[in-house]
Amino acid sequence: MREIRRVLIVEPFEGARWRSITAYSSSLREMLLGAGVEVEVASAPWFNPPSLVRATRNRWWAQPQFRDAAAGKFDIVHLTDHALGHHASRFARSSATVVTCHDVMPFTVPGYYANRRESMVKKAFLRHAYHGLKNAHAVVAVSEYTRAELSDRFGLLERVAVVPNVVRPAFVPHEPHRAEQLLAESGVVLPAGHRILSVGNDRAYKNLPALIEAMSRPALSEVLLLRVGPNFEGPLNRRAAELGVAPRLHSIKAPTDEILALVYGAASVLAQPSLAEGFGIPVVEAMACGLPVVASDGGALPDVVGDAGVIVPLFGADFPGRLASALGQALANRAELSKRGLGRAAEFTPEVVLPRMLQAYRQAIANRGLSHDGSSLGRPTAIHG
């Protein structure tokens with residue numbers, strides 16, 4: 001098999017929207033460097049006006065890495081988010097091109113966007129990017145669920161390799177008392193008691209109303225809810241007040257990986273009740289830190305959790321009640337779930353993920369050989385939603 005010597009990682013320009021993608025790019029870079037691959041990083045805009053304006057001001061096309069890519073000096077050009085898919089054709093003539101697709105949820109999951117206007121505008125921009133996936137020599141999906149969605153929507157099955165996210169180095173187990181102590185020294189003081197942890201954004205697909213409802217059930221009447229991400233606001237905050245659970249909510253704003261790992265160590269169980277996830281990064285981070293996981297069966301979550309956590313089906317009567325019961329059971333069975341989670345998290349280490357990524361790269365190189373002129377390997381497919 002061909003050796004991969006030089007890889008160009010292309011990530012979006014920095015911004016709050018791209019924090020997780022920046023983390024993905026950084027993890028990819030570190031994994032490849034550890035394998036002796038030479039890696040360079042550049043930034044490109046996604047296809048919406050603010051991003052294009054910012055990129056134009058920065059003369060993004062003049063980055064020396066892009067000149068090297070045009071000269072064929074990289075074995076692989078890896079676009080690390082599907083929102084950059086429209087750039088695939090730019091590199092396909094000179095290098096084997098790979099795009100990572102993290103999810104297809106903008107087109108499949110109700111509540112992905114905050115309102116109808118945002119949905120219409122951003123979908124219009126993203127259609128262009130998703131159309132560009134057909135010009136990549138390989139597409140990396142972060143889960144079997146995302147792979148299946150790509151197949152159903154875009155007919156890309158033959159060129160999609162499943163390569164999961166990597167657990168970042170900071171996410172390791174911490175003894176709970178020591179984690180609390182280190183957090184306090186960092187200015188993060190947690191209230192005493194059992195703590196259910198929620199990590200992520202507050203979009204409707206995260207299903208946070210169900211978690212608030214679950215907190216009001218008898219099984220969790222004395223349990224605290226830690227929130228890493230946006231504060232509970234508006235209807236969520238009012239509902240928490242109505243149910244009498246507001247005093248048991250505690251928010252932590254956007255911590256570093258190191259602080260977040262300590263939060264995982266100090267928590268009692270992670271709750272991930274999402275309607276869908278393309279992967280579910282908090283689930284793997286929690287398992288790597290030895291924190292028990294209770295998740296819905298939305299999207300990729302069952303595949304990522306495996307048998308290491310508790311899965312609660314979304315469909316059926318009284319999901320909040322069943323979620324509360326599962327969280328209560330996890331609190332009572334923490335030692336066993338922690339052990340199983342640590343074993344499952346080992347499947348997402350660089351040692352396991354790297355060979356799969358390198359194989360995807362080799363497949364991209366082989367696919368490029370089938371398309372000597374760098375043209376699309378497949379027919380354009382309609383994108384609906």
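Predicted model: local features only at pLDDT ≥ 70, side-chain atom pairs only at ≥ 80, totals over all residues.
Residues are numbered from 1 along each chain as its sequence is written, and side-chain values use heavy atoms, with hydrogens and water left out.

Two strands pair if DSSP finds at least two bridges between them. Between strand β3 (residues 76-79) and strand β4 (residues 96-101), which run parallel, there are 4 bridges; Ile76 has Ala96 in β4 as its bridge partner.

A further set of strands involves β7 (residues 195-199). This strand is mostly covered, with 5 of its 5 residues buried, where buried means under 20% relative accessible area, exposed over 50%, and partly exposed in between (1.4 Å probe, protein chains only). In a regular strand the side chains alternate between the two faces of the sheet. In β7 both faces are covered: Arg195, Leu197 and Val199 are buried on one side, and Ile196 and Ser198 on the other.

Strand β7 has parallel partners in β8, to which 5 bridges join it, and in strand β10 (residues 269-272), to which 2 bridges join it. Ile196 illustrates both pairings: its bridge partner in β8 is Leu225, and in β10 Ile196 stands opposite Val269. Together, β7, α9 and β8 make a right-handed β-α-β unit. The crossover is called right-handed if, with the strands pointing away from the viewer, the path from the first strand over the helix to the second runs clockwise.

The interior can be described through its nonpolar cores, each a set of buried Ala, Val, Leu, Ile, Met, Phe, Trp, Tyr and Cys residues joined through side-chain atoms within 4.5 Å. The largest nonpolar core has 38 residues, and those with the most contacts inside it are Leu197, Val263, Tyr264 and Leu270. At least two residues of this core come from each of α8, β7, β8, α11, α12 (281-288), β11 (293-296) and α13 (301-305). Helix α11 gives the most, with 7 residues. Apart from this core lies another, of 37 residues, among them Phe13, Ala42, Phe74 and Leu79.

Helix α11 is itself mostly covered, as 8 of its 10 residues are buried. Its buried residues pack against α8, β7, β8, β9 (249-252), β10 and α12. One of them, Val263, is in contact (heavy atoms within 4.5 Å) with Leu183, Leu197, Leu226, Val228 and Ile252, leaving aside its neighbours within four places in sequence.

Arg168 forms a salt bridge with Asp257, with the closest N and O atoms 2.7 Å apart. This pair links distant parts of the chain, 89 residues apart: Arg168 lies in the loop between β6 (160-162) and α8 (176-185), and Asp257 in helix α11 (residues 257-266). Arg168 is buried, with a relative accessible area of 16%, whereas Asp257 is partly exposed at 23%.

Arg217 and Asp318 also meet in a salt bridge (3.0 Å, N to O). Arg217 lies in the loop between α9 (208-215) and β8 (224-228) and Asp318 in the loop between β12 (310-312) and α14 (319-332), so this pair ties together parts that are 101 residues apart in sequence. Arg217 is partly exposed, with a relative accessible area of 25%, and Asp318 is partly exposed at 41%. Salt bridges that share partners also join Arg6, Glu38 and Glu40 into one network.

Terms used:
Salt bridge = Lys/Arg side-chain N within 4 Å of Asp/Glu carboxyl O.
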